[in-house]
Amino acid sequence: QVQLVESGGGLVQAGGSLRLSCAASGSIFSINAMGWHRQAPGKQRELVATITRGGSTNYADSAKGRFTISRDNAKNTVYLEMNSLKPEDTAVYYCNARVRTRQGPFYDLEGNDYWGQGTQVTVSS
């Protein structure tokens, strides 16, 4: 019912930058928080950054000062600008959104979490 599609991943050298995008579509009434998680090979998936509909943000310590999360509510899109990339940032990055779905004239009282398919980010030394 709700789909999230990430884009913008790729291969960059250490110190470089990438901008990830994630667009949500489907039977959406509203989107509460949106965010990014990442998972490196052999490691657990971890939170990178989140942003509320009103623009409040939070970041993992590893992302603070280097990454910036933002969103365009009209486009149901969230972005992650990544600067000063390190090899340790190499991972599959997943978009997440807490979505209240539309059901004709009705809508969900509580949102549900949806995930994108992931986009690969590789940072070389």
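## Strands and the open sheet

Two strands pair if DSSP finds at least two bridges between them. Strands here are DSSP runs (E, at least two residues), numbered from the N terminus. This is a predicted model, where local features need pLDDT of at least 70, side-chain atom pairs count only at pLDDT 80 or more, and totals for chains, interfaces and linings use all residues. Residues are numbered from 1 along each chain as its sequence is written, and side-chain values use heavy atoms, with hydrogens and water left out.

Four strands form an open sheet in the order β1-β3-β8-β7. Their pairing is antiparallel. β1 and β7 stand at the edges with a single partner strand each, so one side of each has no neighbour in the sheet. On average, neighbouring strands of this sheet are turned by 15° against each other, direction ignored. (Axes are lines fitted to C-alpha atoms, and angles run from 0 to 180 degrees between N-to-C directions.)

The antiparallel pair β1 and β3 spans 6 bridges. Glu 6 stands opposite Cys 22 in β3.

## The nonpolar core

A nonpolar core is a set of buried Ala, Val, Leu, Ile, Met, Phe, Trp, Tyr and Cys residues joined through side-chain atoms within 4.5 Å. Buried means under 20% relative accessible area, exposed over 50%, and partly exposed in between (1.4 Å probe, protein chains only).

The largest core has 30 residues. Trp 36, Val 48, Phe 67, Val 78, Leu 80, Met 82 and Tyr 93 touch the most other members. Strands that each supply at least two residues include β1 (2–7), β3 (18–26), β4 (28–39) and β5 (46–51). β9 gives the most, with 5 residues.

## Two neighbours in sequence

Leaving aside neighbours within four places in sequence, they include Leu 20, Cys 22, Met 34, Trp 36, Ile 51, Ile 69 and Cys 95.

Thr 77 is in strand β8. Thr 77 is buried, at 8% relative accessibility. Residues up to four places away aside, Thr 77 touches Cys 22, Ala 23, Met 34, Ser 70, Arg 71 and Asp 72. A polar atom of the Thr 77 side chain lies 2.9 Å from the backbone oxygen of Lys 75.

## Positive phi in two loops

Most residues other than glycine have a negative phi. Asn 76 has a positive phi of about 50°. Asn 76 is found in the loop between β7 (67–72) and β8 (77–82).

Ser 84 also has a positive phi of about 50°, although Ser 84 is not a glycine. Its loop runs between β8 and β9 (91–103). Ser 84 is partly exposed, with a relative accessible area of 41%.

Technical notes
Contact means heavy atoms within 4.5 Å. A polar contact is a pair of N or O atoms within 3.5 Å; within protein, one must be able to donate a hydrogen and the other to accept it, and residues adjacent in sequence count only if both atoms are side-chain atoms.
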